[in-house]
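Here is a short briefing on one protein model. Look over the sequence and the structure first, then read the points below.

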Amino acid sequence: MSDADSPFQPIDAARLSDAVVAQIEALILQGVLRPGERLPGERELAERMGVSRPSLREALAAMQADGLLVTRPGAGVFVADVLGSAFSPALVRLIARHPQAADDYLTFRKDLEGLAAERAAMAAGETDLAVLDRIVQAMRHAHASPDPQIEAALDADFHMAIVESSHNLIALHLMRAMQDLLRQGMLFNRPRIFASPELRDRLLDQHIAINDALQARDGPRARAVLEDHLDLVARTLTAQRRADDHAAVARLRLQNRRTP
């Protein structure tokens, strides 16, 4: 990363360590620095922020004591998993045992992301719009692959980028916590959604339409298409669950017939 691209800026304050803490905290809160991300080395980071290494060490030590940073011997300093307590282990296990929780998840996402998309159309910077466009172009490329895994991962990136582009810090961290559950497969199997060629075509068309509305800064249109998109995902999940239930009943009946 070049100095021009670095999120870290020179510090100008009476107590340098406090200013360092404030800047890194802001980057974590804004989502620029993500959980598990490694900070630059001490010398490089001190140079980027324009502070002495002792002042930087003091700031990093304070943030480690506060639980925002962690040191891994031989690896460096990393952003702590500040989202780790968003869902308790007991709640995660409960969700995993009850797949219908995905319905509530998608309903909440529809409300959250619909509003985020409408706001992003107004609040997104040119860099935000460029990121969204790059993801959609990558989706177009991945769409030609028979493996839905890449397109499914890009789908997660696209939805995350929409919320990031709304520049609402609370929505950002809520979405990050929920995406972690989804990536772990706790709510539903995203690649399975993309397994149907016909459905993949519809999902890609919707992603393109959402992006087009955002690029045009048409908030109501972006919200409407995004809500339609998540409604389609919800209907697909319902159909998949019903098919799974019917298949399970058929297997049980066949097993009973074979049992003397």
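Helices (H or I, at least four residues) and strands (E, at least two) are DSSP runs, numbered from the N terminus. By that count, the protein chain has 11 helices and two strands. This is a predicted model: local features need pLDDT of at least 70, side-chain atom pairs count only at pLDDT 80 or more, and totals for chains, interfaces and linings use all residues. Residues are numbered from 1 along each chain as its sequence is written, and side-chain values use heavy atoms, with hydrogens and water left out.

**Overall build**
- Along the sequence, the pattern reads α-α-α-β-β-α-α-α-α-α-α-α-α.
- The C-alpha atoms fill a box of roughly 80 × 50 × 30 Å along the principal axes.
- Of the 260 residues, 41% are buried (buried means under 20% relative accessible area, exposed over 50%, partly exposed in between; 1.4 Å probe, protein chains only).

**Salt bridges**
- The structure holds 11 salt bridges (a side-chain nitrogen of Lys or Arg within 4 Å of a carboxyl oxygen of Asp or Glu).
- Glu 113 and Arg 109 pair at 2.3 Å, N to O. Both lie in helix 5 (residues 101-123), four residues apart, about one turn of the helix.
- Glu 113 is buried at 0% relative accessibility, and Arg 109 is buried at 2%.
- Lys 110 bridges to Asp 231, with the closest N and O atoms 3.0 Å apart. Lys 110 is in helix 5 and Asp 231 in helix 11, so the pair ties together parts 121 residues apart in sequence.
- Glu 118 and Arg 223 meet at 2.9 Å, N to O. Glu 118 is in helix 5 and Arg 223 in helix 11, so this pair ties together parts 105 residues apart in sequence.
- A network of salt bridges links Glu 42, Arg 53 and Arg 57.

**Helix packing**
- Helix 6 (residues 126-143) and helix 10 (residues 197-215) pack at about 160 degrees, with axes 10 Å apart (axes are lines fitted to C-alpha atoms, for helices over the stretch in contact; angles run from 0 to 180 degrees between N-to-C directions).

**Loops with positive phi**
- Most residues other than glycine have a negative phi.
- His 167, not a glycine, has a positive phi of about 55 degrees. His 167 sits in the loop between helix 7 (148-166) and helix 8.
- Arg 217, also not a glycine, has a positive phi near 55 degrees. Arg 217 lies in the loop between helix 10 and helix 11 (219-258).
- Arg 217 is partly exposed at 33% relative accessibility.
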